[in-house]
Structure formats: structure tokens, C-alpha cells
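The following note sets out numbered remarks on the structure shown below. Please read them alongside the sequence and the coordinates.

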Amino acid sequence: MINSSRNGSISGLGRALPARRVSNDDLSHWVDTSDEWIRSHTGIESRYLAGEGETCSSLAIVASRKAIEQAKVDPSDIGMVICATSTPNYKAFPSTAALIQDGLGLEQAGAYDLSAACSGFTYALEMGRAMIVAGTTDHVLVVGAEILSSIVNWQDRNTCVLFGDGAGAAVLSVSEKREGVQFSYLRAVGSGEKALMIERGGSATALTAEWLEASDDLSSMFISMDGRKVYEFAVRVLVETINHLLEQAGISKDELDHIVPHQANIRIIQAAAKRSGIPLKKFFINLQEYGNTSAATVPIALKDMDDRKLLKKGQKIITIGFGAGLTYGGNYIIW
Ligand code: ACO
């Protein structure tokens, strides 16, 4: 039986980035691109890329430890770890969430990875909320962590300039007050599978010794993207998600304090702001610093907002993810 007086609210946030910052100028030595092109087409100025010893789980553990410290939660009270990622330490198993559970010594926690690409954190936040509302546990660690540099084709200038590595974490804790993640809107358009994918290396297209030997083009092992299609999809679903969540919340655009969108490209966010009639200043943007860190963009953005004291009690916030699948969705949060 669901106890409806239980809400899941974010009690702590954490962020972790690799040590190495790579500027657009640095990238222009690797592929035929320029700072001017990347800035003007994406808004991105730099990104952090993992080096020796920096893995999806190691960044996730650093981010999670900070989130747990801020939440002031006893680690043994955390009942579940959900790690949204497309770049787990290992291809199939063990899950990165299990590595996080072990790294943090969360003795009472279950752990699983969630695969919804760049929408992963918004999906995971809803999974955590549902567990808390259902009374399964009082605290869930929700992580978005990526080493996208491991799946990017570093010879493809169309994609390699867009992505970065990083991790963000949130502790979701039971609250009997009104604050917290109120509800979510989660959708998928699987017919768009080819717009953004890694074609080879899954169970349907296994990397056999024969294939590796016969193939002189390995690009299908890395991210491929139809930029235009993804752009159009992203703008459309950002607006749809905002409108749906506003309607369900029964509030107007003016009453909304912040929109925290997936940080893919500044032009996507600008177009969505224009189309939704919501001032761009309500959209939090930090992609200039980190690039697109997929499932990590939203929790990193929330942490940056918290550090800048932008998040105030009672504020109405929408978080939004969109990405491969194609998947999309958002959470409505009262801070
Ligand atoms: N440097 C220099 N030139 C480049 C680069 C680069 N890094 N990348 C592409 N170009 C060139 C192309 O080759 C093309 O040259 P051509 O005209 O001689 O053929 C030219 O720039 C224009 O290419 P377009 O694809 O038309 O560029 P567009 O203005 O559409 O921008 C972009 C491309 C930024 C990818 C855009 O389509 C976009 O934002 N798409 C959304 C995709 C996205 O953000 N994905 C992120 C990951 S997905 C996710 O998180 C959901």
C-alpha cells in the first residue's frame, strides 16, 4: 500500500570531473575544427576528459561521497544505488552501481544501472522517487556518470567536439513535507534508434574476431549521430516536456523558477526558450564549461546551481533530459 504522505526530496548533491580540461583550441590539434566553429555551433568552450585511473565508477564515487556528506545521511541508511550511464566500467556486468555501492561501503543498498542515454538521470530520479513513495527505502543514491570519451570517435569532428566526461550525484531522502520531486514525465520514441547510436558491439552486432579482421572502418563501434534529426527532436521534446509538466503542476510559465535542461547544445536551449515563450534566463546553462556529459549533465547542473546559491526553498523547478533511444522526459521539483 502506498503511503502518499511520503515525498522524495534532494538532500545532497555532488559533482566530480576528471583532472584534465581540454579547450576547443586543444581539440583543433586533434581534428579539423576551430574554437570559433565549436562556440558558434554549440556554445561549448571546454570539456573534461578522463585520464589514467579515472573511470565511470571512480568519478561517481567522488560525486556520491560529496552528496552523502551534504545530505548528512548515514551511508547504511541508503537502500538503493541507481547509476544512469551509457558508459559503465564494464560492458554488461558488473554494473557500475554495484561498484559504487562497494566503493562507498553502502552495506544495506541494492544497486543497478539504468540505460536511457542522456535522459538517464531524469528517469533515475523518478525511479528513486517511486521507491521512496512506495516505502521501499528512505534514501536512494541517484547518480549520472559518464566517460563518453571512451565511446567517441576521435576522428569524427561532427561528434567528438560535443562530449565530455563527468559525474553528478543526488541523495533522494524521504520527506513528509511538500518539497521534493513531485512527479515526472517519461517518454521514448524508439523508432528514432538510428539518429543516435553505437551500431556495433551489442548482442545483435557482436565484435567477433572475424569482423575485426575483415573491417578496415571501425567507426560503427563509436557514436554516430544525425545532428539535424537530434536537434529537431530535442527542441520539440523540450517544449513538450515543459508544457506537460506545467499543466500537470497546474502552474503558469511565470510561476516557474528554473528549467534545468540536458546540456547538449546552446542552440537547442535557445530555440526551446523561444518556442516555449519562456525567457532564456530561466534555463540554467553550464555546457560552455563541460560539454555534453550525457546522463551527468542534469545532476552536475543542479550542483553548480546549489554552489551558486540559485536554489531556494519552495522554488519550482523542471529538469529535462533527452537523448538516444530516442528517450526524453523531465521531473517537476519543489525545492
Ligand atoms: N568543426 C568544423 N566544422 C564542422 C564540425 C566541427 N567540429 N562539425 C561539422 N562541421 C562542418 C560540417 O562538415 C559541415 O560542413 P559542410 O557544410 O562542408 O558539409 C558544416 O560544419 C555544417 O554542418 P551541419 O551539420 O549543418 O552543422 P549544424 O549547424 O547543423 O551543427 C550540430 C551541427 C552542432 C551537431 C547540430 O546539428 C546540433 O546541434 N545537433 C544536435 C545534436 C546534439 O547536440 N547532439 C548532442 C548529443 S545528443 C544528445 O545529447 C541528445
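**Cavities, pocket, ligand shell and backbone**

1. The count comes to 1 cavity of 30 Å³ or more. A cavity is, on a 1 Å grid over the protein atoms alone, a set of points where a 1.4 Å probe fits but cannot get out; grid points are joined across faces, edges and corners, and a volume is the space filled by probe spheres set on the points. The model is predicted, with local features requiring pLDDT of at least 70 and side-chain atom pairs counting only at pLDDT 80 or more, whereas totals for chains, interfaces and linings use all residues. Residues are numbered from 1 along each chain as its sequence is written, and side-chain values use heavy atoms, with hydrogens and water left out.

2. The largest cavity holds about 30 Å³ of space. Its lining (residues with an atom within 4 Å of a point) consists of Q263, N286, Y290, G291, T293, T297 and I300. By class, this lining has 2 nonpolar, 5 polar and no charged residues. Here Ala, Val, Leu, Ile, Met, Phe, Trp, Tyr, Cys and Pro count as nonpolar, Asp, Glu, Lys and Arg as charged, and the others, Gly among them, as polar.

3. The second largest pocket has a volume of about 290 Å³. Of its 17 lining residues, S9, I10, S11, K313 and W335 are the closest to the centre. A pocket is an open set of points with protein on both sides within 12 Å along at least five of seven lines.

4. Which elements each supply at least two residues of the lining of the second largest pocket? They are β1 (7-16), β7 (165-175) and β13 (327-334), and β1 gives the most, with 5 residues. Helices (H or I, at least four residues) and strands (E, at least two) are DSSP runs, numbered from the N terminus. The lining divides into 6 nonpolar, 7 polar and 4 charged residues. Domain 1 (7-177) and domain 2 (183-334) each contribute at least three residues to this lining; the domain bounds come from an automatic or database domain assignment.

5. Around the ligand there are 25 residues, of which T33, G227, H262, N265 and N292 come nearest; a residue is near a molecule if one of its heavy atoms lies within 4 Å of it. The shell comprises 12 nonpolar, 9 polar and 4 charged residues. At least three shell residues come from each of domain 1 and domain 2.

6. Polar contacts are pairs of N or O atoms within 3.5 Å. A nitrogen atom of the ligand lies 2.9 Å from a polar backbone atom of R157, and a nitrogen atom of the ligand is 2.9 Å from a polar backbone atom of G227. For R267, an N or O atom in the side chain is 3.0 Å from an oxygen atom of the ligand. The protein covers 73% of the 1,000 Å² of accessible area that the ligand has on its own, as given by the Shrake-Rupley method with a 1.4 Å probe.

7. Two or more residues of the ligand shell come from each of α2 (35-42), α6 (157-160), α8 (227-249), α9 (266-276) and β12 (316-323). The largest share, 4 residues, belongs to α8.

8. Most residues other than glycine have a negative phi, and most peptide bonds are trans. The peptide bond from F93 to P94 is cis, with omega near 0°, and P94 is in the loop between β4 (80-84) and α4 (96-104). G325 and L326 are also joined by a cis peptide bond, with omega about -5°; L326 lies in the loop between β12 and β13. K72, in the loop between α3 (56-71) and β4, has a positive phi near 55°.

Notes
A polar contact is a pair of N or O atoms within 3.5 Å; within protein, one must be able to donate a hydrogen and the other to accept it, and residues adjacent in sequence count only if both atoms are side-chain atoms.
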